[in-house]
Every structure is written in C-alpha cells, then in structure tokens.
Amino acid sequence: MDSSLLSLFQLCDSNFPSGGFSHSFGLETYIQQDKVIDPETFSQWLTLYLEEQMVSADGFAIKLAYQALENDNFEEIWHLDRLLTVQNVSQETREGTRFMGRSLIKIAETIYDSELIELYNKRIKEKKSFAHPAIVFALAGNHLKITKDTTILYYMYSTVINLVQNAVRAIPIGQTAGQKIITAFQPKLQKAVTTINDLEESDFGTIAPGIEMAQMQHENLTVRIFMS
Amino acid sequence: MDRTQWTGFLSMDIENRAGKSVPKNIYFHDALKVQRPVYDGKSGRPCYYILNLGGGYLDGDTYRIEIKVREKAELTLTTLGATLIYKTPTKPVYQETEIFLEENSYLEYLPDPIIGYEKARYKQLDTIYMKKGATLFYSDILTPGWSAEGRSFSYDMLHLRTNIYMEDELVVYDNIKLEPAVQQIDVLGFMEEYTHLGTFIVIAEKIDEDLVKRLQEVINKQSGDFKAGISSLTVAGFTLRVMANMTQDIQKVISACHALISKEWYAKTPPLLRKY
C-alpha cells in the first residue's frame with residue numbers, strides 16, 4: 001500500500017482522540033427525546049447527518065479547498081475556514097468542531113512537513129482563522145498528494161466511524177450492530193462523494209433543520225455525556 | 001441590471017436629521033412599492049410597509065430591494081402581506097436584497113411569511129453589511145401554500161441565502177434550501193413532523209450570553225406545537241430557529257423574544273428620538 005495513504009489514515013485515526021469521542025453533534029438530543037433508540041433509528045439519523053450536513057458543509061469544503069490549492073488561492077482556504085465556522089448555527093457544536101480542529105492541526109503539524117499546515121496553525125494561534133477539521137484534512141491530503149475524492153471519502157468515513165462509536169456507548173447499541181452500520185454506509189459514502197462533485201456554490205452549507213435544532217437544543221440538556 | 005429591468009425594484013435611504021429618522025431618498029419601480037410610513041409613537045421610528053402590486057410572484061419574476069440606513073438612523077421594514085410564490089414552470093422567481101447599516105443605525109426587517117404554492121420555485125439572496133454599533137433584527141418564515149391534493153409540501157423549492165458582514169467580515173451565513181421536488185422533507189433530521197420554518201437573527205453589541213439564556217426561558221414558556229432552538233453567533237448576537245405547523249406559532253415565539261429585548265433595552269435606555 002501507498003505510504004502516503006497510510007499517512008492520511010493516521011490523521012483519520014486521530015480524529016476520535018482529538019475530541020471526537022466527546023461530541024455527538026446533536027445525536028444525544030435525539031437519544032434523550034427517544035427518537036433515536038436502536039440501530040435502525042440511528043442509521044436514519046446518520047444518513048441525514050451524512051447526506052445533508054456533512055455533504056454540503058465539510059465534504060464540499062474539502063472539494064473547494066482542493067480547487068483553491070490548485071490555483072494557489074490561499075485566501076480562499078481561510079475564507080472556507082470562516083464559512084464552515086459561521087454557517088454552524090449552534091455555538092456548542094461550532095466550538096466543539098473548533099476544538100477538534102485545533103487538536104488535529106497540532107497533530108498534522110507534527111506528522112507532516114507542510115508549510116501550509118504550519119501557516120494555518122499560525123493563523124489559528126493568531127486568531128485569524130478558527131480551525132476546522134475539514135480544512136486540516138484538505139491541507140494534509142493535498143500535501144500527501146492524495147486525490148480530492150479519496151480525501152473526502154476518508155474524512156467522511158472517519159466521521160461515520162466516530163459517530164457509530166459514540167452511538168454504541170450512548171444509545172447503546174452492540175459493537176456488532178455498529179460494525180454492520182459501518183458496512184451498510186460504504187455505498188452511501190461513495191454516493192456522497194459523487195453528490196459533492198455535483199454541488200453548486202450556492203448549495204454550500206444548506207441546513208438540515210432537525211439536525212441543527214437538536215444541536216442547538218443540546219446546549220440546554222441538563223444531564224448529558226457529550227459536550228455537543 | 002438596470003433598475004427598469006427588474007419586475008419590481010425598491011430603493012430606500014434613511015438618514016437621521018436632527019434626531020429624527022427620515023427618508024433621504026425613496027425610489028420604487030413597477031411591481032414593488034412602499035406606502036407612507038407610520039411613525040412609532042414611542043421611538044419615533046418610521047415603519048414602512050412593502051407592497052407587491054402584482055399580488056404574488058410569478059414565473060421568472062425578479063425583484064431587487066436596496067436599503068440604506070445611515071448613521072444613527074432607525075427603520076422598521078415589513079410587508080403588507082405574505083409573499084406568495086406561484087408555480088414557476090420555466091424559471092424560478094428570484095429576489096435579492098442588499099442592506100447597508102451604517103454606524104449605530106438600527107433596522108428591523110421583519111417581512112411576512114413566504115408562501116410557496118404548488119410547483120413554485122423561489123430563490124432569495126439577502127446580503128447585509130453592518131458597521132460598528134449597528135443593530136439588526138431580521139426574520140424570515142417559510143410556509144407551504146394550499147395544494148389541491150392536500151400535500152404538505154407541494155412547492156418544488158424554496159431557497160434562501162443570507163449573508164451578514166460586520167465591518168467587512170462574514171459573520172452570518174445561512175443557507176436554507178427546502179426542495180420537496182427532489183428531497184424527502186418529512187424525515188428525522190430534516191423537517192420531521194413540521195411544515196413551517198422560521199428564523200430570527202439579531203445582531204447588536206448589547207447582546208450577551210445572559211440575554212440569550214433569558215430568551216431561552218421566554219421560549220420555554222410559549223405554548224403551541226413548535227420546536228425552537230436559540231444559539232449565540234460568533235459576534236454579539238444570536239440565531240433563533242423555529243419549526244412549527246402554523247405561521248402563528250412561529251410568530252408568537254419570535255415576537256416574544258423581540259418584545260423581551262425591546263422592553264429591556266428601552267427600559268434602560270429610552271430611545272434617543274423621544275427627546276425631540
């Protein structure tokens with residue numbers, strides 16, 4: 001196997017310890033409302049989360065970032081970092097994502113020798129950029145000369161695994177049921193990449209009202225195991 | 001595009017003249033128009049009602065609204081009735097609004113709901129540029145229109161994009177695209193058991209976490225069948241989102257929040273205009 005691909009896997013695997021385990025992105029609200037109760041209802045939620053929120057925001061941002069990098073348009077990268085942040089209406093989810101972005105960029109700076117990753121981290125430290133995991137992935141994937149579609153796919157795959165692990169603990173569902181969901185999501189992930197490539201600029205960050213509502217309402221849950 | 005090429009065009013420029021907010025320039029063309037303002041008894045703030053002379057938006061219609069509220073001027077802007085979008089067999093209706101809020105200006109932009117009828121497609125782009133100290137109250141409500149078959153979502157698409165800049169930096173990017181023609185709308189995570197979607201965005205230097213908490217309490221006290229969420233922006237301000245099955249339920253939540261803010265702010269600092 002290609003060593004650069006292994007190198008990207010390392011970033012994927014650090015997604016979870018970078019804070020992914022403590023953020024449910026609104027899933028916990030649905031669990032407490034008894035709307036997500038088993039593998040079936042969790043799959044429904046995860047499908048919407050993937051096909052609406054992930055595709056139009058994070059996934060599409062990676063595609064646009066790759067395009068910008070091809071043209072050495074770094075301003076566009078910083079703009080995407082801002083867009084991804086401000087389009088996220090829930091403060092808690094937004095801050096959680098920023099936290100994960102800051103952890104990831106530190107790891108990325110350590111394991112990759114990339115001036116652009118260094119520059120992004122510098123901007124984050126100087127509060128000129130917010131920090132977002134999708135931007136870190138785009139910079140890392142591009143640095144490792146991995147194709148845009150592969151980077152998008154692995155980013156979404158690592159997010160799905162992350163959320164399944166959280167569901168296993170929180171709903172709870174069995175590990176085997178969780179692995180079955182991950183298998184069932186393989187074609188959905190492939191399809192998501194195709195969808196992303198067909199999106200128009202005006203589709204960036206279109207909201208999934210229910211998912212977004214659950215993320216905002218999570219801020220008021222009194223008993224909770226996740227930070228978002 | 002030249003002013004006369006739009007189906008409807010409206011331009012308003014409000015300034016503060018000796019403490020009173022007055023029109024510096026108002027221009028409208030064809031299908032859009034504003035009536036003479038009503039002045040709020042307490043604040044003296046002018047309130048204008050936008051009228052659509054055609055009665056509704058039709059296939060391929062294009063509208064442009066330009067609003068400027070100058071330094072320390074205030075304006076309330078609403079519509080006389082709901083914006084009705086009828087079927088668009090060839091081209092979606094398009095409306096763009098550009099708003100400039102100068103330093104310490106104040107705008108309430110609270111239009112009536114947008115109603116999408118059978119086979120309607122509507123695209124809206126709102127861009128707001130704010131300067132330091134400016135205050136903005138902004139709302140939109142999307143509702144499905146009556147359909148012969150009794151379907152909840154008979155329109156094809158309602159697409160609303162809102163960009164708000166504070167001192168040239170993007171601080172709000174809201175992109176709502178409900179597309180029943182190609183999308184399953186009533187599923188978990190999307191519109192679920194609701195048909196109406198409302199948004200209320202408020203940006204003002206005085207807004208803090210504590211106020212957002214108190215607004216949450218006000219929301220919790222409202223009765224009616226709705227789901228609401230409120231959260232702070234990256235600048236002083238918040239977004240309130242409401243899902244419901246009736247416009248009134250959304251309006252009630254938005255009004256309650258608006259009322260609490262007005263009450264608190266004006267109890268502490270009476271409007272400047274009252275002096276005159």
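Author: α3(A) gives the most to the lining of the largest pocket, with six residues. Helices (H or I, at least four residues) and strands (E, at least two) are DSSP runs numbered from the N terminus. This is a predicted model, in which local features need pLDDT of at least 70 and side-chain atom pairs count only at pLDDT 80 or more, while totals for chains, interfaces and linings use all residues. Residues are numbered from 1 along each chain as its sequence is written, chains are lettered from A and ligands numbered from 1 in the order in which they are written, and side-chain values use heavy atoms, with hydrogens and water left out.

Reader: How much space lies in the largest pocket?

Author: On a 1 Å grid over the protein atoms alone, a pocket is an open set of points with protein on both sides within 12 Å along at least five of seven lines, a cavity is a set where a 1.4 Å probe fits but cannot get out, and lining residues have an atom within 4 Å of a point. Grid points are joined across faces, edges and corners, and a volume is the space filled by probe spheres set on the points. For the largest pocket, this space is about 550 Å³.

Reader: Which residues that line the largest pocket are the closest to its centre?

Author: The lining of this pocket has 20 residues. Those closest to the centre are A:Glu51, A:Glu52, A:Thr195, B:Val182 and B:Gln183.

Reader: Which element gives the most to the lining of the largest cavity?

Author: The largest cavity holds about 270 Å³ of space. Among the 21 residues of its lining, the closest to the centre are A:Phe25, A:Tyr49, A:Asp58, A:Thr97 and A:Tyr155. With five residues, the element that gives the most is α5(A).
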